[in-house]
Amino acid sequence: MDLTEFTAVPTREQIERLQVEVMKLPQVEPVTENYFSNGMYCRKVWRCANTLVVGKVHKKDHFFICAAGEIIVWTEGGMKTLRAGDVVESKPGTKRVTLALTDAIGITVHKTDKTDLDEIEAELIEPELVSLFDANNKIKPVLIADKGE
């Protein structure tokens, strides 16, 4: 199946079902860097080719930037292929699925005065019990135990 030809707009329910299925697969902790500057928070995440990410729901507007490589992005608003330099404005309530077609770097930029990642997540992210990753982009140990690994 050529994913670049997939044009149907997924529903929130479909994205959430995909997230449950992805949780059953082996997980990789992506290399993540965090930057802070005068009321801004920037999160830079490396993704190896063929890495699928089901993102968290954000409470506030922010930017998503494809800084390197090529990434397919699915949201309730449609599908886009992003290449290095492309910028997407993310609206509150958006749940995004990304697939790195090549080795890629995704960056998000948020407005916040906080610098503690747990506090940032509490401010910017909707609570979600099924999320695999914590605020540091590390796999949550409880979920690993629940999978019987």
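**Strands and their partners**

Visitor: In E6, which residue is the bridge partner of Trp74?
Guide: Keep in mind that this is a predicted model. Strand E5 covers residues 70–75, and six bridges join E5 to strand E6, residues 78–83, with the two running antiparallel. Follow the pairing across from Trp74 and the bridge partner in E6 is Met79.

Visitor: How many of the six residues of E5 are buried?
Guide: Buried here means under 20% relative accessible area. By that cut-off strand E5 is mostly covered, and the count of buried residues is five.

Visitor: What is the strand order in the open sheet of five strands?
Guide: Strands of a sheet pair through backbone hydrogen bonds, either parallel or antiparallel. In this open sheet the pairing is antiparallel, and the order reads E1-E2-E9-E4-E7.

Visitor: Why is one side of E1 and of E7 left without a neighbour in that sheet?
Guide: Look at where they sit: E1 (32–37) and E7 (87–90) stand at the edges. One side of each is left without a neighbour because each has a single partner strand.

Visitor: And what does the twist average from one strand to the next?
Guide: Going along the order E1-E2-E9-E4-E7, the average from one strand to the next is 20°.

Visitor: In E9, which residue is the bridge partner of Ile65?
Guide: Strand E4 spans residues 62–68 and strand E9 spans 104–111. The two pair in the antiparallel sense over five bridges. For Ile65, the bridge partner in E9 is Ile107.

Conventions: Residues are numbered from 1 along each chain as its sequence is written. This is a predicted model: local features need pLDDT of at least 70, side-chain atom pairs count only at pLDDT 80 or more; totals for chains, interfaces and linings use all residues. Side-chain values use heavy atoms; hydrogens and water are left out. Two strands pair if DSSP finds at least two bridges between them. Helices (H or I, at least four residues) and strands (E, at least two) are DSSP runs, numbered from the N terminus. Axes are lines fitted to C-alpha atoms, for helices over the stretch in contact, and angles run from 0 to 180 degrees between N-to-C directions. Buried means under 20% relative accessible area, exposed over 50%, partly exposed in between (1.4 Å probe, protein chains only).
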